[in-house]
Each structure stands twice: as structure tokens, then as C-alpha cells.
Amino acid sequence: MKFPPFGLPFRSLSASTAPKPRTTLAAAMEQSRYRLMVTAAVVTTVFAAIGVKLVAATLFSQGGEPRQHHALELDSTTTNRADIVDRNGNLLATSLVTQSLYADPKLISRPEEAARKLVSALPELDYKEVYGKLSGDKRFVWLKRNLTPKQQYAVHRLGVPGISFEREERRFYPAGNLTSHVVGFTGVDNNGLAGLEQGFSKRLNEDPATPLQLSIDLRLQHVLRKELTATIQEFSAIGAAGIVYDVRTGEVMAMTSLPDFDPQDPTGLNPDTLFNRATLGVYEMGSTFKIFNSALALDSGKIRVSDTFDAVHPIKIGRFTINDYHSLHRALTVAEVFQHSSNLGSVRMVQLIGIAAQRAFMAKMGFMRPTALELPENGWPLAPNPWREVNSMTIAFGHGISVSPMHTVAAAASVINGGVFHPPTILRRQPGAEIPGEQVVSRQTSDMMRRMFRFVVADGTGKSAGVKGYVVGGKTGTADKQKGRHYQKNSRMSSFLGAFPMHDPRYIVYVLVDEPKATAKTYGYATGGWVAAPAVGRIIKQIGPLLDVPTVDENAPEILNATFLNAAGSTNWAQQPPNAPSSAAPPPPKGSTVASVPAPAKPR
């Protein structure tokens, strides 16, 4: 490289090597290149961010296909009232999100046209009523509550200004009439008005995510209602009630009152339809009350099952006379008094026990207060006060005191389950949870009462309730209904309280039929043995397999050892002569289950 001579000015060299100035085209191209680079960087950054989000959503946040349990969790937060389910999780009541239609009349310029359009979309609305609301001075008026999605779409298409929708909830009852008296119903604002919807309204609102689980089994409920309906139709009755009850836990497995109603639309119904005969109705129970009279006698220690009582001579008290419906015209053992439902024998037993002991025992069995059942429809018993001698006599055979079917069933369960009274409940008891209970009769008394129950079905007035293999026991009952101050002879309550299996009791099935009419098939009788006992037998035959109750050989030694009783009061089946009758006299017809009412004595 050659250098310029020493002393030559440097600027001459710089001038000769200086870059040429850029043209306008070159500057524009360079600016475009910079813009493209910036745009590419921005696009790359955006797509990179989107890619990162997709990877995070699909790989690290349980993305992918939707899962069913996520959908259920999402749905459970959309309503403000908890579901009600049966013991197996079947849905009995739930809340659905709906839209309700309202208007602001101040925003509606032409109310006539708006009312006409609304009525065309919702024909069930009344034009005059809608027009009156839309032309009023209020700023808020309801037009229709709880629209269906189809109705909401039809109104939305109208495009009427001032018309809007409000999110609400509507209660829905998938089981319909089947559980109407148990579950109850809510009003238009979703407030409970009857049944568990009313009794547990606060709980259902405060914990909407946790279903309220009942002890009711929907399968048993269906069987019970079906057979009660058939019985009402066969005997032209005005109503009926039925209960299936777990004697070990106090759980109500099924409960029906007929007539029933549609909980989806309970307005405008006959009050008799809304009335719960199983819990709210209190009645004179007739001969089923001899269960408690007999348990009282045996538990007192003063009377043995083999003791005999005069069942021949009528009992006179004041101007009244007590008789048997079908007298055997001889003395009867305690076993026979129960078997043949003798009023005279029952009265003479309680005369030996005493009035004070009887009243104390009835109080111990829960007949002086409402049951502990969680329904608001819980009837108060009607007991005499003061408790006089005549009251003591009539109560011995089921008149003079009125209790609900639930009272009767809960008390009868304690008589046969070993003597422990468990408060009845409509809620499912959790496995392993402590079951409240009180010993009300001795185990010895309970054992003998089981044998007497079995005796009635094996060789007494309850034969038509028997079901082969299920060792059924029970007690018939028929009571004339009191209207005003008098009893009407052809207006009665016919009932049967059955239990199975009697060698190890698990369940009670109770049927009460209101004012049944006799038929030719029943030979003119409409009593408990003819009306209610067959229904109980049909129910047990159907629910036994559902409850996993195994059938047994009813004549097996171990079964007879636990259930046998004869008319003499002996529990030793091995000493019973082959084909020997259980009673010295022929049994009365099945119609002899009526508890006779004191009638005026003939003048002397």
C-alpha cells in the first residue's frame, strides 16, 4: 500500500474515498425491510404465545375431551336448593334453571300491540290482564313465571321493547305423585309449602350442593301405592294409607297416602287430596291396639300367656255394654284373646293391670305426643283427660284414643324387635351410625308378642296375609268411625299390621283402608281380615325379594322354636299333636276383626 507523500492534505484522500449519497429508492427499500422484520417478529411472538397456551391447556390443565364429572360439578353450582333423593340415590326433587318474563311499562310505547304479540306467543296468557299490566304505572310487573326454553325463544323473537327475562329456579319432581305426601312441594318463589320441602327448607337452601337423602326406597313405594290403589278400587273406599317400616332402625322405607296429588301443580285441589292420612290423620285404631294391651299385660308380670279370662258375659259400665263381635261363649287364654280379637278378654286383662299402669304404658309407647318423624304434617294424638275407668276399658280394644298410623307402626316395631323403641325417621341412617332407642318392654315380652303375631296369621284372623317362606305375623283391626257424637256402623277403618319374618323381625307392612264397602267376594264383610290383610300379603310377596329377605321352610325346627304358640299358651311345638286344632272351639269367620263399640244397655 502506498501512502501519500508527507505533507499532503488528508482531506484530499477523504474526499476521493467518500461514499456516494443514497438514492430515494434505496432508502424506501431499506425502510420496508425493517418493517417486514418487525411484523415478522410480532407475528412470531403472537403465535408462540398461542402455542404455549394450547400446550398448557391440553397437556398440563386436564384439557382434551370434556369429562362427565366436571359437567356435574358445574351443574351443582347453578341452583340454590339441594336435590332430594331416595335411599338408592334416585332423584325425587331437583331445581331447574328457568327464565321468567317481566316488563317495565314505562318503556312500552304501544301496550296494545305489545299485549297482542305476547298473547300470540303465549296463548295461555289473558289479553286483558296483560294489557292492564303493560299500561299501568308500575316499573316492574311479572307476566309469566318459569318459561320453557321454547316459550322464551318465542317471546325473544318478538323484539318487544321493555320486555325482559329474569333468571329463576323451578322445582321439578321426577317421581310425581308417587312421593307427593313425603316430598311435598314448593311455591312459585321456591319456598317449601308441604312435606320435606317445608320441613327441611332451611337445610335445602343453606347446603344446595349436598342432596338430602331419604330412607324411602322408590321401588317399595311403587309396590305400596299400586296395591293400595287396587284395594281402594276393589272395595270402593274413599282413601287409604300404607307404611313399610324397618323395625331395627326406625327408618320409613315407604309411605303412601291416597288420594295423592301432582306436586308439580298442587293448587286448586281438594283438601282431602293434600291430607296425609299416614302421619297427620289420627284415628281410633280398633283391634290393632290389642297389640299394646297384650304387651302391657305380659310385661306387667301379673299375666301369663296361658292365663284365661271370661269372654262369655258382657261387661256393663254405666249405660254402656261391651260385647265381642263374634263370641266363642267360653273363657279364652291370652293367646286366644289376641288370636280371635276378643274385646271382653282385653278389657278384663286391663282391669287386672290398672288404669295408672295402662296410662303410663301408653305414654311410654309415644301415644301422648306427635311422633319424631321429620314431616311438618305430624298429628297430635287425642287421648282422654281425665283417664277414667270407661276410657281404660275402651282403649283396651282400640276405641277412646286416636293416634296416627305412624304412631301405631313405630310402637308395634318396639313390641317385636326386642323391646326397643326407635324414633321413626324419614331420613336414611348412615351405616355404623348410632341408632337412638329406649327399652320399653322386656325381651321376654317381645319374644312372646312375636309368637302371638305369628299365631294370628298361622291360625287366626290374619290368614290371608300369609306368604309362603316369609313367616308373616300380624294383627287385624277394624274400628267404626265416629261422626259427631255417634259411631256409624257401616263407616269403618279396616287395617292390618303385618311383620316379617317373625323368627327374626325386620320389617312391618301396615295398610289402613278408609270406609271400604263389602263385596260378594268377601261375603258381606269389609273388615281388616278381608280388606287389608290380603293387601299386606301381596305387598310382602313383592317387596321381600327387593329387600333381600331370604325365604325359609316355615315348618323347620329352628323356625318353629322361635315362632310357635298354640291356643293353650304353649310354645313347645314338639308336644303339639299332629293335625290338632289350636283352639277348643272352631274359629270365627274372618269378619270377626271388628272391635265392637260400647252400646247402650237394654233397660232392665
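The paragraphs below lead through several strands, helices and loops of a predicted model. Residues are numbered from 1 along each chain as its sequence is written, and side-chain values use heavy atoms, with hydrogens and water left out. Because the model is predicted, local features need pLDDT of at least 70 and side-chain atom pairs count only at pLDDT 80 or more, while totals for chains, interfaces and linings use all residues.

In β8, 8 of the 8 residues are buried, so the strand is largely enclosed by the rest of the structure; here buried means under 20% relative accessible area, exposed means over 50%, and partly exposed lies in between, with a 1.4 Å probe and protein chains only. Gly239, Ala241, Ile243 and Tyr245 point one way from β8, whereas Ala240, Gly242, Val244 and Asp246 point the other way, and all are buried.

The neighbours of β8 come next, where two strands are said to pair if DSSP finds at least two bridges between them. Strand β18, residues 507-514, runs antiparallel to β8 and is joined to it by 8 bridges, with Ala240 standing opposite Val513 in β18. Strand β9, residues 252-258, is also antiparallel to β8, through 6 bridges, and here Tyr245 stands opposite Val252. β8 and β9 form a hairpin with 5 residues between them, and Gly250 in the turn has a positive phi of about 80 degrees.

The peptide bond between Phe500 and Pro501 is cis, with omega about -20 degrees. Another cis peptide bond runs from Leu258 to Pro259, with omega near 5 degrees, and Pro259 is found in the loop between β9 and α11 (271-274).

Turning to the helices, α15 (residues 355-364) has Gln358, Phe361 and Met362 buried. They cover an arc of only 100 degrees around the axis, which puts them on the same side of α15; the arc is that of the directions from the helix axis to the C-beta atoms. The buried residues of α15 pack against α12 (290-299), α14 (343-353) and α16 (389-396). In α12 sits Phe292, which counts as buried at 0% relative accessibility. Not counting residues up to four places away in sequence, Phe292 touches several residues, among them Phe361, Met362 and Met365, where contact means heavy atoms within 4.5 Å. The C-alpha atoms of Phe292 and Met365 are separated by 8.5 Å, although the two residues are 73 residues apart along the chain.

Finally, helix α2 (residues 24-60) contains Val42, which counts as partly exposed because its relative accessibility is 47%.

How values were computed
Helix = DSSP H or I, 4+ residues; strand = E, 2+ residues; numbered from the N terminus.
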